[in-house]
Amino acid sequence: MNYKIFIVFLLLSSVSCKKNKEEPTQPNIIFLMTDDQRWDNMGCYGKPEFNTPNIDNLASEGVVFDKAYYAVAICMPSRVTMLTGRFNSNHKVGFVAPTDYTLSQDDFNKGYPAILKEAGYRNGFIGKVGYTVTENATRPSTPKEHYYKENMGSVFDFFAGTETHDRNGMVLWPENDLKLQQIYEKGRPNSGRTLRTGEAMIHFLETQPKDQPFCLSVSFYAVKHDNNKDMYMPHHDLFKDKQLSVPDNWVEGENDKLPKVVKENARGVRLHKQRSSTPELQQKLVRRFATQGYSVDDQVGLLVDKLKEKGMLDNTIIIYTSDNGRFQGSHGLFDKCLLYEESVKAPLIVYDGRKQKAERGFRDNSLISSVDMAPTILSLAGLEAPQSMQGKDFSPILNKTQDKSKWRDAVFMEDLFIAEMFHKRYNKNVDEINATLIKENKSYRSHGVRTNRYKYFVYYEHTPKIEELYDLEKDPLEQNNLVNNIDYSEVLNGLRDKTEELYLEALGK
(Lines give C-alpha, C1' and ligand atoms only; values in the text may rest on other atoms or scores of the structure.)
Protein backbone atom coordinates (compact mmCIF):
# COMPACT_ATOMS: atom_id res chain seq x y z
CA MET A 1 0.00 0.00 0.00
CA ASN A 2 2.77 2.41 0.94
CA TYR A 3 4.62 1.42 -2.23
CA LYS A 4 1.58 2.37 -4.37
CA ILE A 5 1.24 5.73 -2.59
CA PHE A 6 4.94 6.38 -3.23
CA ILE A 7 4.53 5.64 -6.95
CA VAL A 8 1.52 8.02 -7.18
CA PHE A 9 3.55 10.68 -5.38
CA LEU A 10 6.40 10.31 -7.89
CA LEU A 11 4.01 10.57 -10.82
CA LEU A 12 2.37 13.71 -9.44
CA SER A 13 5.77 15.23 -8.74
CA SER A 14 6.81 14.49 -12.30
CA VAL A 15 3.70 16.18 -13.71
CA SER A 16 4.20 19.17 -11.43
CA CYS A 17 7.85 19.56 -12.44
CA LYS A 18 6.92 19.29 -16.13
CA LYS A 19 4.23 21.92 -15.75
CA ASN A 20 6.59 24.28 -13.94
CA LYS A 21 9.17 23.78 -16.66
CA GLU A 22 6.69 24.59 -19.43
CA GLU A 23 5.02 27.59 -17.77
CA PRO A 24 7.06 30.62 -16.70
CA THR A 25 6.58 31.74 -13.12
CA GLN A 26 7.10 35.39 -13.98
CA PRO A 27 4.10 37.07 -15.60
CA ASN A 28 3.90 37.95 -19.27
CA ILE A 29 3.56 41.71 -19.78
CA ILE A 30 1.85 43.41 -22.72
CA PHE A 31 2.21 47.19 -22.89
CA LEU A 32 -0.27 48.75 -25.34
CA MET A 33 0.24 52.40 -26.25
CA THR A 34 -1.79 54.41 -28.74
CA ASP A 35 -0.66 57.66 -30.34
CA ASP A 36 -2.50 60.89 -29.46
CA GLN A 37 -5.60 59.18 -28.03
CA ARG A 38 -7.48 61.57 -25.79
CA TRP A 39 -8.29 59.99 -22.42
CA ASP A 40 -12.07 60.27 -22.71
CA ASN A 41 -12.37 58.87 -26.24
CA MET A 42 -13.57 55.47 -25.03
CA GLY A 43 -16.58 54.04 -23.26
CA CYS A 44 -14.93 53.20 -19.94
CA TYR A 45 -14.06 56.89 -19.51
CA GLY A 46 -17.60 58.07 -20.08
CA LYS A 47 -18.00 58.27 -23.87
CA PRO A 48 -19.87 55.15 -25.07
CA GLU A 49 -20.43 56.67 -28.52
CA PHE A 50 -16.77 55.89 -29.29
CA ASN A 51 -17.69 52.19 -29.32
CA THR A 52 -14.74 50.51 -27.58
CA PRO A 53 -16.29 47.29 -26.19
CA ASN A 54 -13.06 45.29 -25.88
CA ILE A 55 -11.16 48.03 -24.07
CA ASP A 56 -14.21 48.59 -21.88
CA ASN A 57 -14.30 44.89 -21.04
CA LEU A 58 -10.60 44.95 -20.19
CA ALA A 59 -11.34 47.92 -17.92
CA SER A 60 -14.27 46.18 -16.21
CA GLU A 61 -12.00 43.26 -15.31
CA GLY A 62 -8.97 45.36 -14.44
CA VAL A 63 -8.04 48.60 -12.69
CA VAL A 64 -9.02 51.94 -14.24
CA PHE A 65 -7.08 54.99 -13.10
CA ASP A 66 -9.06 58.23 -13.12
CA LYS A 67 -6.17 60.54 -12.23
CA ALA A 68 -3.32 59.35 -14.42
CA TYR A 69 -1.19 62.08 -16.02
CA TYR A 70 1.61 62.45 -18.53
CA ALA A 71 4.84 63.91 -17.18
CA VAL A 72 5.18 65.38 -20.67
CA ALA A 73 2.50 65.36 -23.36
CA ILE A 74 4.21 65.01 -26.71
CA CYS A 75 5.24 61.75 -28.32
CA MET A 76 9.05 61.48 -28.34
CA PRO A 77 9.82 62.64 -24.78
CA SER A 78 6.67 60.93 -23.45
CA ARG A 79 7.74 57.57 -24.89
CA VAL A 80 11.25 57.93 -23.48
CA THR A 81 9.81 58.90 -20.09
CA MET A 82 7.74 55.70 -20.00
CA LEU A 83 10.68 53.61 -21.23
CA THR A 84 13.24 54.97 -18.76
CA GLY A 85 11.13 56.14 -15.80
CA ARG A 86 12.71 59.60 -16.04
CA PHE A 87 11.35 63.11 -16.51
CA ASN A 88 11.90 65.05 -19.74
CA SER A 89 14.12 67.59 -17.97
CA ASN A 90 16.24 64.67 -16.77
CA HIS A 91 16.62 62.49 -19.89
CA LYS A 92 16.67 65.53 -22.21
CA VAL A 93 15.26 63.61 -25.19
CA GLY A 94 12.87 65.85 -27.08
CA PHE A 95 12.16 67.72 -30.28
CA VAL A 96 13.71 71.11 -29.56
CA ALA A 97 16.80 72.64 -28.00
CA PRO A 98 18.05 72.62 -25.34
CA THR A 99 16.43 69.21 -24.63
CA ASP A 100 16.98 67.81 -28.12
CA TYR A 101 19.22 64.81 -27.54
CA THR A 102 18.95 61.26 -28.79
CA LEU A 103 18.74 58.49 -26.18
CA SER A 104 22.17 57.06 -25.42
CA GLN A 105 22.82 53.33 -25.55
CA ASP A 106 23.61 53.39 -21.84
CA ASP A 107 20.30 55.06 -20.94
CA PHE A 108 18.38 52.73 -23.26
CA ASN A 109 19.92 49.78 -21.45
CA LYS A 110 18.50 51.15 -18.18
CA GLY A 111 14.97 51.09 -19.57
CA TYR A 112 12.42 48.39 -18.74
CA PRO A 113 12.89 46.30 -21.95
CA ALA A 114 16.64 45.88 -21.48
CA ILE A 115 16.28 44.99 -17.79
CA LEU A 116 13.55 42.43 -18.59
CA LYS A 117 15.76 40.96 -21.32
CA GLU A 118 18.58 40.58 -18.82
CA ALA A 119 16.15 38.77 -16.50
CA GLY A 120 15.30 36.18 -19.15
CA TYR A 121 12.26 37.71 -20.86
CA ARG A 122 11.62 37.42 -24.58
CA ASN A 123 11.13 41.00 -25.77
CA GLY A 124 8.97 42.16 -28.65
CA PHE A 125 8.32 45.61 -30.08
CA ILE A 126 5.74 46.49 -32.73
CA GLY A 127 4.81 49.89 -34.16
CA LYS A 128 5.99 53.45 -33.83
CA VAL A 129 9.34 53.84 -32.07
CA GLY A 130 9.29 57.63 -31.92
CA TYR A 131 12.83 58.17 -30.61
CA THR A 132 16.38 57.37 -31.69
CA VAL A 133 18.99 55.37 -29.79
CA THR A 134 22.64 56.25 -30.50
CA GLU A 135 25.88 55.12 -28.88
CA ASN A 136 26.15 58.47 -27.10
CA ALA A 137 23.48 61.15 -26.65
CA THR A 138 23.78 63.45 -29.66
CA ARG A 139 21.96 66.41 -31.19
CA PRO A 140 19.61 66.79 -32.93
CA SER A 141 17.23 64.15 -31.59
CA THR A 142 15.77 63.55 -35.05
CA PRO A 143 18.67 62.34 -37.22
CA LYS A 144 18.08 61.13 -40.77
CA GLU A 145 19.02 57.54 -39.89
CA HIS A 146 17.82 55.52 -36.89
CA TYR A 147 19.79 52.23 -36.95
CA TYR A 148 17.17 50.26 -35.02
CA LYS A 149 18.79 46.86 -35.55
CA GLU A 150 22.27 48.10 -34.69
CA ASN A 151 21.26 49.90 -31.49
CA MET A 152 18.18 48.00 -30.29
CA GLY A 153 18.79 44.52 -31.67
CA SER A 154 20.37 43.17 -28.51
CA VAL A 155 17.29 44.07 -26.46
CA PHE A 156 14.38 43.10 -28.75
CA ASP A 157 14.08 39.50 -30.01
CA PHE A 158 11.13 40.39 -32.25
CA PHE A 159 10.81 43.79 -33.89
CA ALA A 160 8.51 45.41 -36.43
CA GLY A 161 8.99 49.14 -36.12
CA THR A 162 9.55 52.44 -37.82
CA GLU A 163 9.51 56.13 -37.03
CA THR A 164 6.14 57.53 -38.11
CA HIS A 165 4.35 55.35 -40.69
CA ASP A 166 4.46 51.65 -41.47
CA ARG A 167 4.06 52.22 -45.22
CA ASN A 168 7.81 52.52 -45.78
CA GLY A 169 11.05 52.20 -43.88
CA MET A 170 9.73 49.32 -41.76
CA VAL A 171 12.53 47.43 -40.01
CA LEU A 172 11.85 43.76 -39.22
CA TRP A 173 13.57 40.97 -37.35
CA PRO A 174 14.06 38.03 -37.02
CA GLU A 175 15.07 38.39 -40.67
CA ASN A 176 14.15 34.78 -41.45
CA ASP A 177 10.54 35.20 -40.26
CA LEU A 178 8.64 34.93 -43.56
CA LYS A 179 5.22 35.51 -41.96
CA LEU A 180 6.42 38.80 -40.45
CA GLN A 181 7.72 39.90 -43.84
CA GLN A 182 4.40 39.02 -45.48
CA ILE A 183 2.46 41.16 -43.00
CA TYR A 184 4.41 44.25 -44.10
CA GLU A 185 4.99 43.25 -47.71
CA LYS A 186 5.08 46.23 -50.07
CA GLY A 187 2.23 46.28 -52.54
CA ARG A 188 -0.03 44.30 -50.27
CA PRO A 189 -3.64 45.59 -50.44
CA ASN A 190 -3.99 48.29 -47.79
CA SER A 191 -5.79 46.78 -44.84
CA GLY A 192 -4.91 49.72 -42.61
CA ARG A 193 -1.89 50.20 -40.39
CA THR A 194 -3.76 49.26 -37.21
CA LEU A 195 -4.80 45.89 -38.62
CA ARG A 196 -1.22 45.21 -39.71
CA THR A 197 0.00 46.05 -36.22
CA GLY A 198 -2.58 43.63 -34.86
CA GLU A 199 -1.44 40.87 -37.22
CA ALA A 200 2.16 41.30 -36.07
CA MET A 201 1.01 41.27 -32.45
CA ILE A 202 -0.83 37.97 -32.91
CA HIS A 203 2.14 36.52 -34.80
CA PHE A 204 4.42 37.34 -31.86
CA LEU A 205 2.15 35.31 -29.58
CA GLU A 206 2.04 32.42 -32.06
CA THR A 207 5.85 32.25 -32.04
CA GLN A 208 6.20 32.51 -28.25
CA PRO A 209 7.97 29.58 -26.51
CA LYS A 210 5.98 28.03 -23.65
CA ASP A 211 8.86 27.99 -21.18
CA GLN A 212 9.81 31.70 -21.29
CA PRO A 213 8.05 34.86 -20.02
CA PHE A 214 7.62 37.64 -22.55
CA CYS A 215 7.19 41.40 -22.66
CA LEU A 216 5.50 42.74 -25.78
CA SER A 217 5.41 46.52 -26.28
CA VAL A 218 2.88 47.51 -28.95
CA SER A 219 2.96 51.14 -30.04
CA PHE A 220 -0.03 51.72 -32.33
CA TYR A 221 0.32 54.42 -35.00
CA ALA A 222 -3.34 55.22 -34.42
CA VAL A 223 -5.06 57.50 -33.69
CA LYS A 224 -2.67 60.09 -35.12
CA HIS A 225 -2.52 61.01 -38.85
CA ASP A 226 -6.13 60.35 -39.71
CA ASN A 227 -6.03 60.47 -43.52
CA ASN A 228 -7.74 57.76 -45.55
CA LYS A 229 -4.61 55.72 -46.30
CA ASP A 230 -3.87 55.40 -42.57
CA MET A 231 -7.38 54.23 -41.64
CA TYR A 232 -9.31 51.05 -42.20
CA MET A 233 -12.13 52.70 -44.10
CA PRO A 234 -14.83 50.05 -43.46
CA HIS A 235 -14.58 51.05 -39.80
CA HIS A 236 -15.16 54.67 -40.78
CA ASP A 237 -18.55 53.66 -42.15
CA LEU A 238 -19.61 52.94 -38.56
CA PHE A 239 -19.14 56.60 -37.61
CA LYS A 240 -19.65 58.61 -40.80
CA ASP A 241 -23.25 59.57 -39.95
CA LYS A 242 -22.82 59.65 -36.19
CA GLN A 243 -23.17 62.87 -34.18
CA LEU A 244 -20.55 62.69 -31.45
CA SER A 245 -20.75 64.72 -28.26
CA VAL A 246 -18.99 68.09 -28.23
CA PRO A 247 -17.06 69.06 -25.08
CA ASP A 248 -18.45 72.10 -23.28
CA ASN A 249 -15.04 73.79 -23.51
CA TRP A 250 -14.84 73.42 -27.29
CA VAL A 251 -14.38 76.87 -28.80
CA GLU A 252 -15.62 77.88 -32.21
CA GLY A 253 -13.01 80.10 -33.81
CA GLU A 254 -10.45 81.80 -31.59
CA ASN A 255 -10.23 81.63 -27.80
CA ASP A 256 -9.58 85.08 -26.32
CA LYS A 257 -8.90 83.58 -22.90
CA LEU A 258 -5.64 81.94 -23.93
CA PRO A 259 -2.45 83.74 -22.85
CA LYS A 260 -1.13 86.06 -25.54
CA VAL A 261 2.14 84.13 -25.85
CA VAL A 262 0.18 80.94 -26.54
CA LYS A 263 -2.19 82.56 -29.04
CA GLU A 264 0.70 84.04 -31.00
CA ASN A 265 3.16 81.14 -30.92
CA ALA A 266 1.63 77.72 -30.13
CA ARG A 267 0.90 75.62 -33.21
CA GLY A 268 -2.28 74.28 -31.61
CA VAL A 269 -3.97 77.63 -32.27
CA ARG A 270 -3.18 77.53 -35.99
CA LEU A 271 -4.11 73.87 -36.29
CA HIS A 272 -7.44 74.50 -34.54
CA LYS A 273 -8.36 77.02 -37.23
CA GLN A 274 -7.59 74.43 -39.89
CA ARG A 275 -9.03 71.30 -38.29
CA SER A 276 -11.49 71.82 -35.44
CA SER A 277 -12.72 75.44 -35.29
CA THR A 278 -16.21 74.88 -36.78
CA PRO A 279 -18.89 72.34 -35.85
CA GLU A 280 -18.43 70.58 -39.19
CA LEU A 281 -14.65 70.37 -38.88
CA GLN A 282 -14.85 69.22 -35.27
CA GLN A 283 -17.25 66.39 -36.05
CA LYS A 284 -15.26 65.25 -39.09
CA LEU A 285 -12.08 65.18 -37.01
CA VAL A 286 -13.50 63.34 -34.01
CA ARG A 287 -15.24 60.76 -36.20
CA ARG A 288 -11.83 59.94 -37.66
CA PHE A 289 -10.28 59.60 -34.22
CA ALA A 290 -13.23 57.42 -33.22
CA THR A 291 -12.71 55.25 -36.30
CA GLN A 292 -9.11 54.60 -35.40
CA GLY A 293 -9.95 54.04 -31.75
CA TYR A 294 -12.43 51.39 -32.87
CA SER A 295 -9.76 49.73 -35.03
CA VAL A 296 -7.42 49.60 -32.03
CA ASP A 297 -10.24 48.21 -29.90
CA ASP A 298 -10.77 45.48 -32.48
CA GLN A 299 -7.12 44.43 -32.10
CA VAL A 300 -7.42 44.40 -28.31
CA GLY A 301 -10.27 41.91 -28.68
CA LEU A 302 -8.20 39.70 -31.00
CA LEU A 303 -5.28 39.90 -28.55
CA VAL A 304 -7.36 38.71 -25.59
CA ASP A 305 -8.90 35.92 -27.68
CA LYS A 306 -5.45 34.70 -28.75
CA LEU A 307 -4.16 34.77 -25.17
CA LYS A 308 -7.15 32.65 -24.10
CA GLU A 309 -6.65 30.24 -27.00
CA LYS A 310 -3.00 29.70 -26.06
CA GLY A 311 -3.73 29.40 -22.33
CA MET A 312 -1.64 32.51 -21.58
CA LEU A 313 -4.21 34.96 -20.26
CA ASP A 314 -4.11 33.72 -16.67
CA ASN A 315 -0.43 34.66 -16.43
CA THR A 316 -0.50 37.89 -18.45
CA ILE A 317 -0.67 41.56 -17.41
CA ILE A 318 -2.05 43.99 -20.01
CA ILE A 319 -1.41 47.72 -19.65
CA TYR A 320 -3.31 50.14 -21.90
CA THR A 321 -2.44 53.83 -22.25
CA SER A 322 -1.46 56.46 -24.82
CA ASP A 323 1.55 58.76 -25.28
CA ASN A 324 -0.39 62.03 -24.94
CA GLY A 325 -3.84 63.50 -25.43
CA ARG A 326 -5.42 65.80 -28.02
CA PHE A 327 -7.43 68.98 -27.61
CA GLN A 328 -9.80 68.35 -30.56
CA GLY A 329 -10.95 71.98 -30.31
CA SER A 330 -11.19 72.22 -26.53
CA HIS A 331 -9.84 75.60 -25.36
CA GLY A 332 -9.66 76.65 -29.02
CA LEU A 333 -6.70 74.32 -29.54
CA PHE A 334 -6.05 71.28 -31.69
CA ASP A 335 -2.61 70.01 -30.72
CA LYS A 336 -1.23 68.69 -27.40
CA CYS A 337 1.78 69.66 -25.21
CA LEU A 338 0.09 72.44 -23.23
CA LEU A 339 -0.82 71.51 -19.67
CA TYR A 340 -4.62 71.55 -19.86
CA GLU A 341 -6.46 68.32 -19.00
CA GLU A 342 -7.27 67.24 -22.55
CA SER A 343 -3.55 67.09 -23.32
CA VAL A 344 -2.02 65.80 -20.08
CA LYS A 345 -4.66 63.49 -18.64
CA ALA A 346 -4.00 59.87 -19.59
CA PRO A 347 -6.14 56.79 -20.06
CA LEU A 348 -4.63 54.01 -17.95
CA ILE A 349 -6.03 50.51 -17.60
CA VAL A 350 -4.20 47.59 -16.01
CA TYR A 351 -5.52 44.04 -16.34
CA ASP A 352 -3.82 41.29 -14.35
CA GLY A 353 -4.90 37.82 -15.43
CA ARG A 354 -3.29 36.25 -12.35
CA LYS A 355 -5.89 37.75 -10.04
CA GLN A 356 -9.14 36.11 -9.05
CA LYS A 357 -12.27 37.79 -10.46
CA ALA A 358 -13.26 39.03 -7.01
CA GLU A 359 -10.00 41.02 -6.85
CA ARG A 360 -10.50 42.69 -10.22
CA GLY A 361 -12.68 45.42 -11.59
CA PHE A 362 -12.24 48.65 -9.65
CA ARG A 363 -11.40 52.31 -10.28
CA ASP A 364 -8.76 54.28 -8.43
CA ASN A 365 -8.20 58.00 -7.88
CA SER A 366 -4.52 57.91 -6.91
CA LEU A 367 -2.32 60.38 -8.76
CA ILE A 368 -0.30 58.38 -11.27
CA SER A 369 2.42 59.77 -13.55
CA SER A 370 3.69 58.33 -16.81
CA VAL A 371 7.14 58.37 -15.18
CA ASP A 372 5.81 55.53 -12.99
CA MET A 373 5.35 53.14 -15.91
CA ALA A 374 8.84 51.63 -16.11
CA PRO A 375 9.38 50.98 -12.38
CA THR A 376 5.91 49.46 -12.11
CA ILE A 377 6.47 47.11 -15.06
CA LEU A 378 9.72 45.95 -13.48
CA SER A 379 8.03 45.45 -10.10
CA LEU A 380 5.26 43.38 -11.69
CA ALA A 381 8.01 41.15 -13.08
CA GLY A 382 9.54 40.82 -9.61
CA LEU A 383 12.51 43.06 -10.45
CA GLU A 384 13.95 46.15 -8.80
CA ALA A 385 14.11 49.44 -10.66
CA PRO A 386 17.55 51.01 -11.12
CA GLN A 387 18.35 54.18 -9.22
CA SER A 388 18.12 56.18 -12.44
CA MET A 389 14.32 55.73 -12.49
CA GLN A 390 12.47 58.63 -10.87
CA GLY A 391 8.94 57.23 -10.91
CA LYS A 392 7.04 55.32 -8.25
CA ASP A 393 5.97 51.70 -8.35
CA PHE A 394 2.15 51.71 -8.29
CA SER A 395 1.75 47.93 -8.16
CA PRO A 396 0.74 48.14 -4.45
CA ILE A 397 -2.26 50.20 -5.62
CA LEU A 398 -3.15 47.41 -8.03
CA ASN A 399 -2.89 44.94 -5.15
CA LYS A 400 -4.77 47.20 -2.71
CA THR A 401 -1.83 47.09 -0.31
CA GLN A 402 -0.78 50.73 -0.70
CA ASP A 403 -1.20 53.04 2.31
CA LYS A 404 -2.84 55.94 0.46
CA SER A 405 -1.74 58.42 3.14
CA LYS A 406 1.84 57.72 2.04
CA TRP A 407 1.20 58.05 -1.70
CA ARG A 408 2.11 61.24 -3.54
CA ASP A 409 -0.06 64.35 -3.25
CA ALA A 410 0.95 65.90 -6.58
CA VAL A 411 2.28 64.94 -10.02
CA PHE A 412 4.77 67.09 -11.92
CA MET A 413 4.17 67.96 -15.59
CA GLU A 414 6.16 69.96 -18.10
CA ASP A 415 5.98 71.24 -21.66
CA LEU A 416 9.35 72.02 -23.24
CA PHE A 417 8.16 72.20 -26.86
CA ILE A 418 8.21 75.37 -28.97
CA ALA A 419 6.95 75.13 -32.55
CA GLU A 420 9.36 77.68 -34.01
CA MET A 421 12.31 75.79 -32.52
CA PHE A 422 11.03 72.57 -34.08
CA HIS A 423 11.12 74.11 -37.55
CA LYS A 424 14.74 75.14 -36.95
CA ARG A 425 15.90 71.97 -35.21
CA TYR A 426 18.60 71.24 -37.80
CA ASN A 427 20.19 74.69 -37.56
CA LYS A 428 23.66 74.62 -36.03
CA ASN A 429 22.95 77.66 -33.85
CA VAL A 430 19.80 76.30 -32.17
CA ASP A 431 20.91 77.45 -28.72
CA GLU A 432 21.25 81.02 -29.96
CA ILE A 433 17.83 80.81 -31.62
CA ASN A 434 16.37 79.53 -28.36
CA ALA A 435 17.94 82.34 -26.34
CA THR A 436 16.57 84.91 -28.79
CA LEU A 437 13.04 83.48 -28.58
CA ILE A 438 13.15 83.71 -24.80
CA LYS A 439 14.51 87.26 -24.95
CA GLU A 440 11.71 88.23 -27.37
CA ASN A 441 9.10 86.75 -24.98
CA LYS A 442 8.02 84.07 -27.44
CA SER A 443 8.67 81.10 -25.14
CA TYR A 444 5.62 79.29 -23.79
CA ARG A 445 7.52 76.51 -22.04
CA SER A 446 5.69 75.63 -18.88
CA HIS A 447 5.68 73.30 -15.91
CA GLY A 448 3.36 72.73 -13.00
CA VAL A 449 1.54 70.29 -10.78
CA ARG A 450 -1.76 68.48 -10.53
CA THR A 451 -2.98 67.68 -7.03
CA ASN A 452 -6.17 65.83 -6.13
CA ARG A 453 -8.09 69.08 -6.42
CA TYR A 454 -6.01 71.74 -8.17
CA LYS A 455 -3.99 72.32 -11.31
CA TYR A 456 -1.25 74.96 -11.37
CA PHE A 457 1.27 75.75 -14.08
CA VAL A 458 3.53 78.63 -15.03
CA TYR A 459 5.06 79.84 -18.31
CA TYR A 460 8.36 80.29 -16.57
CA GLU A 461 10.48 81.72 -19.40
CA HIS A 462 8.06 84.55 -20.07
CA THR A 463 8.66 87.99 -18.54
CA PRO A 464 6.66 88.52 -16.44
CA LYS A 465 5.80 84.91 -15.66
CA ILE A 466 2.27 83.87 -16.64
CA GLU A 467 0.43 81.57 -14.24
CA GLU A 468 -2.78 79.52 -14.40
CA LEU A 469 -4.61 77.97 -11.44
CA TYR A 470 -7.78 75.86 -11.58
CA ASP A 471 -10.01 74.28 -8.97
CA LEU A 472 -10.81 71.07 -10.83
CA GLU A 473 -13.50 69.98 -8.38
CA LYS A 474 -15.54 73.07 -9.21
CA ASP A 475 -14.15 73.74 -12.68
CA PRO A 476 -13.10 70.46 -14.40
CA LEU A 477 -13.06 72.13 -17.83
CA GLU A 478 -10.53 74.77 -16.68
CA GLN A 479 -12.56 77.81 -17.63
CA ASN A 480 -11.86 80.05 -14.63
CA ASN A 481 -8.23 80.98 -13.93
CA LEU A 482 -7.98 81.69 -10.18
CA VAL A 483 -4.50 83.21 -10.10
CA ASN A 484 -5.84 86.68 -9.30
CA ASN A 485 -8.53 85.48 -6.89
CA ILE A 486 -7.44 86.52 -3.39
CA ASP A 487 -9.42 83.64 -1.85
CA TYR A 488 -6.93 81.23 -3.43
CA SER A 489 -3.70 83.08 -2.60
CA GLU A 490 -2.63 80.51 -0.01
CA VAL A 491 -3.31 77.63 -2.41
CA LEU A 492 -1.40 79.47 -5.13
CA ASN A 493 1.67 80.03 -2.97
CA GLY A 494 1.69 76.40 -1.86
CA LEU A 495 1.48 75.12 -5.45
CA ARG A 496 4.25 77.47 -6.55
CA ASP A 497 6.49 75.95 -3.89
CA LYS A 498 5.41 72.42 -4.82
CA THR A 499 6.18 73.03 -8.48
CA GLU A 500 9.67 74.28 -7.68
CA GLU A 501 10.28 71.34 -5.34
CA LEU A 502 9.21 68.74 -7.92
CA TYR A 503 11.06 70.54 -10.73
CA LEU A 504 14.32 70.28 -8.82
CA GLU A 505 13.60 66.57 -8.20
CA ALA A 506 12.94 66.11 -11.94
CA LEU A 507 16.31 67.66 -12.71
CA GLY A 508 17.87 65.19 -10.29
CA LYS A 509 18.97 67.80 -7.78
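Predicted model: local features only at pLDDT ≥ 70, side-chain atom pairs only at ≥ 80, totals over all residues.
## Overall make-up

Residues are numbered from 1 along each chain as its sequence is written, and side-chain values use heavy atoms, with hydrogens and water left out.

How does the radius of gyration fit a compact globule? The chain has 23 Å, which agrees with the value near 23 Å for a compact globule of 509 residues; the radius is taken over C-alpha atoms, and the globule rule is 2.2 Å times the number of residues to the power 0.38. Along the principal axes, the C-alpha atoms fill a box of roughly 90 × 55 × 50 Å. Take the contacts (heavy atoms within 4.5 Å) between residues at least 6 apart in sequence: 72% of them join residues at least 24 apart.

## Surface and charge

Buried residues account for 60% of the 509 in the chain. Here buried means under 20% relative accessible area, exposed means over 50%, and partly exposed is in between (1.4 Å probe, protein chains only). The accessible surface is about 21,700 Å², with 50% of it belonging to carbon and sulfur atoms; areas come from the Shrake-Rupley method with a 1.4 Å probe, and for residues only the protein chains shown count as cover.

On the charge side, there are 68 positive and 71 negative charges, and their mean positions sit 2 Å apart. Lys and Arg count as positive, Asp and Glu as negative, with His and the chain ends not counted. Each charge is placed at NZ of Lys, CZ of Arg, CG of Asp or CD of Glu.

The largest nonpolar core has 84 residues, and Phe65, Tyr131, Met152 and Phe394 touch the most other members. Such a core is a set of buried Ala, Val, Leu, Ile, Met, Phe, Trp, Tyr and Cys residues joined through side-chain atoms within 4.5 Å. Leaving out neighbours within four places in sequence, Phe65 has contacts that include Tyr45, Leu348, Val350, Asp364 and Phe394. A second, separate core of 43 residues includes Tyr184, Val223, Phe289 and Val300.

## An enclosed helix and an exposed lysine

Helix α3 (residues 75-84) is largely enclosed by the rest of the structure, because 10 of its 10 residues are buried. Arg79 is among them, along with Ser78 and Thr81. Just after α3, Gly85 takes a positive phi of about 70°.

Lys357 is exposed, at 66% relative accessible area. Its loop runs between β12 (349-352) and β13 (362-364). The C-alpha atoms of Lys357 and Leu339 are 37 Å apart, though 18 residues separate the two along the chain.

Most residues other than glycine have a negative phi, and most peptide bonds are trans. Asn51 has a positive phi of about 60°; this residue is in the loop between β1 (28-34) and α2 (53-60) and is partly exposed at 31%. His331, with phi near 65°, is buried at 3% relative accessibility and belongs to the loop between β10 (316-322) and α14 (341-344).

Which peptide bonds are cis? The one from Ala97 to Pro98 has omega near 5°, and Pro98 is in the loop between α4 (88-91) and β4 (103-104). The bond from Trp173 to Pro174 is cis too, with omega near 5°; Pro174 lies in the loop between β8 (171-173) and α8 (178-183).

Conventions
Helix = DSSP H or I, 4+ residues; strand = E, 2+ residues; numbered from the N terminus.
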